[in-house]
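Reader: I would like to learn how to read salt bridges and sheets in a model of this kind. Could we go through them one feature at a time?

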Amino acid sequence: MPITTTSPARPSLVQRFRSLTEAYLLYVAQKEMVRRYPGAGTPPAPKRGYGLLAVFFLPGFKLTPWAIKKRLLSALFRRPAQHWPDKPWENR
Amino acid sequence: MKRIVVIGGGSAGTGAATIAVQRDRSLDVTLITEFEDIAYSPCGIPYVFGREIEKFDGLFLQPLEFYAEMGINLRTETVVDRVDIGRRVVHSTVGEEFPFDELIFCTGWEYEVPDLPNVGLDGIVYIKNIRRAMELDPKLDDVKRAVVWQAKPLGVELIEALPRRGIETHLVDSGGWLLSEFADADMMEPLQQHLVDELGVKLHFGTHLTGFDGRDGRLTTVRTSGGDIEADMAFLVAPTLPATGLAKSIGVETGSTGAIVVDNQMRTSVDGVFAAGACVETMHGLLNIPIHLIPGTYAYTQGRLAGANAAGASETYPPVYVPWGLGAAVQVGGALVSETLAQATGMKYVVGKATGITAARYHPAHEQMHVKLLADPDTRRVIGGQFTGGDGVKERADFLAFAIRKGTTLEELATMENVYSPPIGALGEPIAAAAKDALSRLVG
């Protein structure tokens, strides 16, 4: 496989959603961390699309309880083959 | 005779091929790589640049003959053109055919070249292949100023190494601090201070890379949202993508990270086809979602597991808890969830912090060790942590990953035992102190 590519495989919708929202949520969290620990970091630079996410994604995400979010993330991103047991050796 | 073909000669591919022949000498095992070499550690490249490691030779695990003598049919500089899954044959670009009963994809990852003006100029480099690194190394003697893009682990290793070659080194990253994707600003501060004060590194955080300028095809300037930086060389620690094109061409399923979906035996969605390493998705032990990992430790263990299972075993791989660490003069490390990540996901957490020492106070070997722990406030189970300081960061990060995997609580860490020996261990362990701090915040 080459070490670089200028033509990556076309990402799926789920892939694009995950990539963009993860980066955005980290960006928002980093801004909060800079506020919480003054002098320890620099405010991150926003990327394209963050403005829309701030309006249409972040409010709903923040209102959703973590327990529900965790289940939704699992439902959205995990395939049936990816139910890996924590202790597979116990089933031997 | 069962035929196993492994595509890819990195940690995963080498691990898969070697374990398969070790398990069953009657197997016909072929390992195909498009490169000249297999089984070397690309992570060591920055340390050769910085002359901490004397030569590139030291990065090779074994000479190629070693693998041939093991009974592996090693095909270097061989590019796979396509896989005929119906006839179960791998085809190379020069018309060779490699029939298989079991196929293992260990195709790793590649850098995504950013879509920026003049990104193809000479002097813009990507660090991964050892031969290219060997060609680049002598050129560093003529470099006066270099820019490293992105403060990921490789980026941090480069900005520690390049100043040792007398290169004025700049780091550009749109994030807020070093390793901001998985570490916290307050915990990275000592390392950042060391890089600035001791090595003269110029840090440009909150800054986008916007393009390049050159003269006669050669880089002269790196453009950023914070201004231009004149530079002879730019190291792009670009976004990494799992290399899955070949696997996808035969119908192997990929997931939300773009990497190959595998079960816990490294089987893909296609019968008789396995995958391992940086081209696959691995399950996160805490969040229960697939993630994409590129460190060699995962690639090697997954590769060995895939090779064993292709050879007839039934080994399984558990979810991961991701210990990490790096640094030299100031070490940093941790496991799983940072405060930033917890904040990003919205999970509930309590923080405990403490600063201790790594050896007895009266012993010259003692250094500071800063510890930050995160725990679930309801269950009091530890969910993550970070360490910054002297020797012992790696061991603490490994310990913490294991502790989280076992569902360890703050109370258990607060009452943990520790080694006391003047040169290597102080009376009190800062992990215990951080756990007590977290507990006090819960009570308070």
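Author: Let us begin with one side chain, bearing in mind that this is a predicted model.

Reader: Which side chain does B:Lys353 meet in a salt bridge?

Author: The general idea is that side chains of opposite charge can pair when their charged atoms come close. Here the partner is B:Asp186, with 2.6 Å from N to O. The two residues belong to distant parts of the chain, 167 residues apart, with B:Lys353 in strand E23 of chain B and B:Asp186 in helix H6 of chain B. B:Asp186, at 14% relative accessibility, counts as buried.

Reader: Which residues are linked with B:Lys353 and B:Asp186 in a network of salt bridges?

Author: The network also takes in A:Glu32, A:Arg35 and A:Arg36 from chain A, together with B:Asp184, B:Glu339 and B:Lys372 from chain B. Over all chains, the structure holds 26 salt bridges.

Reader: How many residues apart are B:Asp398 and B:Lys394 in helix H10 of chain B?

Author: They are four residues apart, which means that about one helical turn separates them. Their side chains meet in a salt bridge at 2.4 Å, N to O, and B:Asp398 counts as partly exposed at 34% relative accessibility. Helix H10 of chain B also holds B:Arg396, whereas B:Glu429 lies in the loop between helix H11 and helix H12 of chain B, so this pair ties together parts that are 33 residues apart in sequence. The salt bridge between B:Arg396 and B:Glu429 spans 2.9 Å, N to O, and both partners count as buried, B:Arg396 at 13% and B:Glu429 at 12% relative accessibility.

Reader: Turning to sheets, in what order do the five strands of the open sheet in chain B stand?

Author: In general, strands of a sheet pair through backbone hydrogen bonds, either parallel or antiparallel. In chain B the order is E9-E16-E10-E11-E12, and the pairing is parallel. Strands E9 and E12 of chain B each have a single partner strand, so they stand at the edges with one side lacking a neighbour in the sheet. Within the sheet, E10 and E11 of chain B pair over five bridges, and B:Arg145 has B:Glu168 in E11(B) as its bridge partner.

Reader: Which strands does helix H5 of chain B touch as it packs on the sheet?

Author: Helix H5 of chain B touches E10, E11, E12 and E16, and its direction makes about 165 degrees with that of E10(B).

Notes
Residues are numbered from 1 along each chain as its sequence is written. Chains are lettered from A and ligands numbered from 1 in the order in which they are written. This is a predicted model: local features need pLDDT of at least 70, side-chain atom pairs count only at pLDDT 80 or more; totals for chains, interfaces and linings use all residues. Side-chain values use heavy atoms; hydrogens and water are left out. Two strands pair if DSSP finds at least two bridges between them. Contact means heavy atoms within 4.5 Å. Axes are lines fitted to C-alpha atoms, for helices over the stretch in contact, and angles run from 0 to 180 degrees between N-to-C directions. A salt bridge is a side-chain nitrogen of Lys or Arg within 4 Å of a carboxyl oxygen of Asp or Glu. Buried means under 20% relative accessible area, exposed over 50%, partly exposed in between (1.4 Å probe, protein chains only).
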